[in-house]
Structures are given as C-alpha cells and as structure tokens.
Amino acid sequence: MRNKFLVILLIFTVATTLHAQSVQKVSIGDNQNYGITYTLPKSVVQLKAKATMTKTEAGVFAPYAEKYLGLTDVALVNQTQWELNSVSLELVAMPDESKTYHIQFPEKGAMPQFYLSEDGSLLSVNREPELEDLVVDSPLPETNPKLSLKATDVLSEEILKAGSKAKQAELTAREIFSIRESKRNLLKGDVDNMPADGASFQIMIDNLNAQEEALLSLFKGVSTVSEVERTFDYVPTDNVDNEVLFRFSSFEGFVAADDLLGEPYYVSVTIVDDNRMSEPVAVEGKKKNANNGIAYTIPGKASVTVRYNGETIIETTAQMGQFGHVEQLPSAQFSDKKKMASASFNPLTGSIRLYEQ
C-alpha cells in the first residue's frame, strides 16, 4: 500500500438505522394484555471504507510493448490492484438486550400509545417519533457512451496470417502508427475528402480513437475498475487501546483482522463520562421496581479514535447509551386521562429528547 496519508472523508452524524426501518405504533389495550415489552438502545460505531479494485488482464503482445511502442509500464501478467480511497464514521443504534423492560398498565384509565422501532427499541410514548428526513439521491445525468471496439474487430488479414507473435506485434504497432497519422492529417485538414460537417468529423475521429485503443489493448492489456465498499460495526463496551478493526492489502483488498497480509486500521475507545451504575436507585435510597415506570437512559460519553500507520484519521466524542444508567418516568403520568404525558427519546442513546404533560 502507498505510504502517503490517505484523504479521509469524515462523516460523523447522529444517525440511526431507523431510516431503513418501519416504525411500529402499539396501542396498549386488551389485545396487548395491558402491557408492552421494549428495549433501550446501545451505540454502534459503524465505519464505512471505500476502495477501488483494478483488475488488469495482460495483453497478448505485452512483451513487445517497449520494443515497438516504447511503452514500459505495462502488465506482463494478470494482476489485481487495490487502493483505499476514504473512510467515514457514523454512529448507529442497535437494541441492548440487557436493557429489556416490560411495563404493565391497569385496565382502568387511558391507554397510552407506544412507538417502537422495528427491532423493538423505544422511540416515543403518546406522540409520533421525531425521525430525520430520508435523503433521496438525485439521478446521474445521461452521458453519451464512448465508442468501443474489440481488437479482433480491427485486426487486418495480414496481421492474423503473420507467422509468429513477434511479427503480429510488429504489424499491429505499424497499424497503430498509421491510425495516428490518419488522425493528424484529419485534424490538419490534409485529406482528400474532408467531412461535410462537425458531426461527421467527430464520428471519424471517434472511430479512429476506438481502433487505436482496441489495438493498444493488445500491448497494454485491458483493465476493469470496480468501486467496493465495506462496513465494519464495532460495539464499544469499555476502554480499548488500538484494537484492530480491519486490515487492508493493496493486493487482496479487505482482509480479516488477523490476516497479516493486510495493514491494520485500529480503533480506540476512551470513556470520558462514565454514568454506569449497578442498578437504578431511587432518591430515598430504595430500589426501583423495573415494572413501575417507563425506562430511559442517562447516557455516558466516549471518545472514538481510528488510526492508520501511526496517524489519527478520525476522532470524535459522542454520547453512548451503554456507558450510562437507566432511570424511569412514572407510568401513571402516561395514562392520566386529565393530564396525559408524552415523551420522545433519542433513538441512538435512549435519553429523553422531549417530555410534555
């Protein structure tokens, strides 16, 4: 891999997987047995890496490229080359199974409405959740396709009947120079039959270019370029120093974290605000009943750093639910017919976003 510092596209947004999910509206009632089960979320560090894979099929006349055309940088054998273009970081959410709660309501009183994500995380109560707008990609403008020919379409009978590959390569090189001479004459207007208009002129130039490229491919080979994107999810659970997130090889592309063929990309996590508690405790010192309130998170905060080759390429600090503790809102407030409360929660951390009564 090249040692120059990568140009890094840093994208850090408090986004969630809700964009790709549907929202479930659950009305508490007899059909729900007057209860509901939900989870609180934990944060996931999602790293997206984009790379370019170039596959080159060596040309049949590659050994003669320097002799007849002066080309030195050609592939003599089939090869694959990878280049990492950018890495971006995003925080997403997933349900924390260790924070699963069930709340039961009495049959008398107003029945609250719960909004859950598709994976069962609590989004809001008695009000529609606040979700980010979907981003719609604009279609790319149409472009005129480039004329392309195969080498077999332009090889002359003389070349095909040549007795050796060396002779075929020599004749092919002469044909390439002849095509270039025809283009020069056409551009200078030094031809007997000049095209009648600009469109006809462009057609002739495009055809000569296509013939030249087709014949050159016999020496230079044919390359196909593919854009590849990989996503790596990492769930922080504690302080971590330089854990291998993934490895990248200029020959094999993305490889496993333990594959020494690739160069490592490290992730580090430093908790800067640890709000974890063994269990929620009420103000008066009594333990809270897990079933008598609507649970939400007081999140903690952590710094996430991604490094490559000793350089920090991404660094950010964000709130995370797994480094926080759980508190509860009295469930009676959400079934009070006179003053029914409503609340929405941060889908990334489980903290209160809005509370109204």
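User: Where is the place of Gln46 in this model?

Analyst: Gln46 has its place in strand β2, residues 35-57. Keep in mind that the model is predicted.

User: Why is Gln46 called buried?

Analyst: Its relative accessible area is 13%. Buried means under 20%, so Gln46 counts as buried.

User: What is Gln46 in contact with, leaving aside neighbours within four places in sequence?

Analyst: Its contacts are Ser88, Leu89, Glu90, Val92, Thr231, Phe232 and Asp233.

User: Now for Gln319, in strand β11. What makes Gln319 partly exposed?

Analyst: Gln319 has a relative accessible area of 39%. Buried is under 20% and exposed is over 50%, with partly exposed in between, so Gln319 is partly exposed.

User: Which residues does Gln319 touch, not counting those up to four places away in sequence?

Analyst: Gln319 touches Ser43, Leu91, Pro299, Gly300, Lys301 and Thr349. Take Ser43: Gln319 and Ser43 are 276 residues apart in sequence, and their C-alpha atoms are 8.4 Å apart in space.

User: On to helix α5, residues 198-220. How do you know that its reach is close to the one expected?

Analyst: Helix α5 has 23 residues and reaches 31 Å from first C-alpha to last, close to the 33 Å expected at 1.5 Å a residue.

User: What covers the buried residues of α5?

Analyst: The cover includes α1, α2, α4 and β6. Among the buried residues are Ile205, Leu208 and Phe219.

Note on methods
Residues are numbered from 1 along each chain as its sequence is written. This is a predicted model: local features need pLDDT of at least 70, side-chain atom pairs count only at pLDDT 80 or more; totals for chains, interfaces and linings use all residues. Side-chain values use heavy atoms; hydrogens and water are left out. Helices (H or I, at least four residues) and strands (E, at least two) are DSSP runs, numbered from the N terminus. The expected span of a helix is 1.5 Å times one less than its number of residues. Buried means under 20% relative accessible area, exposed over 50%, partly exposed in between (1.4 Å probe, protein chains only). Contact means heavy atoms within 4.5 Å.
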